[in-house]
Amino acid sequence: MAPSSTITVDTVPLTPSAFAPFGTVLISPLSSATTTPPTPPPRGSISANQGTALKFPDIAPVTSIYHTSPSGALAKPSMSLFSCFSRALRTSNGRQIFDVKVLERHPFTTQTFIPLATSSPSSSVITSTTKSIIIVAPTLPTPPPPPPSPPNLTPYSPQLQSKQGGPPDLKNLKAFMAEPGMGVTYGVGTWHAPMVVVGGRVDFVVVQHVSGRGDEDCQEVDVQGVEVVVEGAERAKL
């Protein structure tokens, strides 16, 4: 799918309030300078492990609504590891640009990305900081005819739009810059780009539900004419 003219989106810092329409931000509520358990425990936390730890329960939903899918197939929890490598950026008028080519959604499950580690080889970045760009879009309420998809992509399936809506709303696409150590949970059916990393490699533990039915586990659409300005990121050398 392509807009009538190029859509340019600036990145903004990833914060819980800004990301709330699309899901949940995973970030420690404690300062990096906090090296002993605060007394009393901060609001929303519970003292644990004989007073040597703090537990913050229910920080993000882990949701499956596969019982509402057309097949009604049972789904199981899935935990996988994604090693995401630095994406190529192009330069335009002195700006670093990432071209959005694909958006996807998981219509019957949340999907959580938990960063494990970063790697920033000096040969591929200007500085040692590696960051992630979280690209999301609202869902249009009424889908137009399904766009064409090449054979290697899962076609958009209009029969799955009854509860999750239609294709992505490209005009209201958002791009968030995640600092190292920040994770996200995409809400059920949230359109998002496959994870974008700049400046190195980030390993993510990914938690979701899957049924093994491709068109119910994931939908993808091709995107043209949408560019994200990667301001504030550590620049990957082209």
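This is a predicted model: local features need pLDDT of at least 70, side-chain atom pairs count only at pLDDT 80 or more; totals for chains, interfaces and linings use all residues.

Me: What makes Asp99 and Arg90 count as partly exposed?

Reply: Asp99 has 24% relative accessibility and Arg90 has 32%. Buried means under 20% and exposed means over 50%, so values in between get the label partly exposed. The two residues also belong to a network of salt bridges, together with Arg95 and Glu227.

Me: How do you know that Glu179 and Lys131 form a salt bridge?

Reply: Here the closest N and O atoms are 3.3 Å apart. The limit is 4 Å, so this pair passes too. Glu179 sits in the loop between β11 and β12, while Lys131 is in strand β10, so the bridge ties together parts that are 48 residues apart in sequence.

Me: Why is Lys131 called buried, and what is Glu179 called?

Reply: Lys131 has a relative accessible area of 9%. Glu179, at 40%, is partly exposed.

Me: What about Arg201 and Asp203, whose side chains meet in a salt bridge: buried or partly exposed?

Reply: One of each! Asp203 is at 12%, so it counts as buried. Their N to O distance is 2.8 Å. The structure holds five salt bridges.

Me: Which residues touch the most other members of the largest nonpolar core?

Reply: Those are Val100, Leu103, Ile133, Ile135, Leu173 and Val228, out of 22 residues in that core. Strands supplying at least two residues each are β1, β10, β11, β14 and β17. The most come from β10, which gives three. As for Val228, its contacts beyond its neighbours within four places in sequence include Val9, Phe98, Ile133 and Ala175.

Me: What makes a cluster out of the aromatic residues?

Reply: Ring pairs do the linking, and they join Phe19, Phe22, Phe82, Phe113, Phe176, Tyr186 and Phe204. Rings pair if their centres lie within 6.5 Å, and the structure holds eight aromatic pairs.

Definitions and conventions
Residues are numbered from 1 along each chain as its sequence is written. Side-chain values use heavy atoms; hydrogens and water are left out. Rings of Phe, Tyr and Trp (its six-membered ring) pair if their centres lie within 6.5 Å; planes under 30 degrees apart count as stacked, over 60 as edge-to-face and the rest as tilted. A nonpolar core is a set of buried Ala, Val, Leu, Ile, Met, Phe, Trp, Tyr and Cys residues joined through side-chain atoms within 4.5 Å. Buried means under 20% relative accessible area, exposed over 50%, partly exposed in between (1.4 Å probe, protein chains only). Helices (H or I, at least four residues) and strands (E, at least two) are DSSP runs, numbered from the N terminus. Contact means heavy atoms within 4.5 Å.
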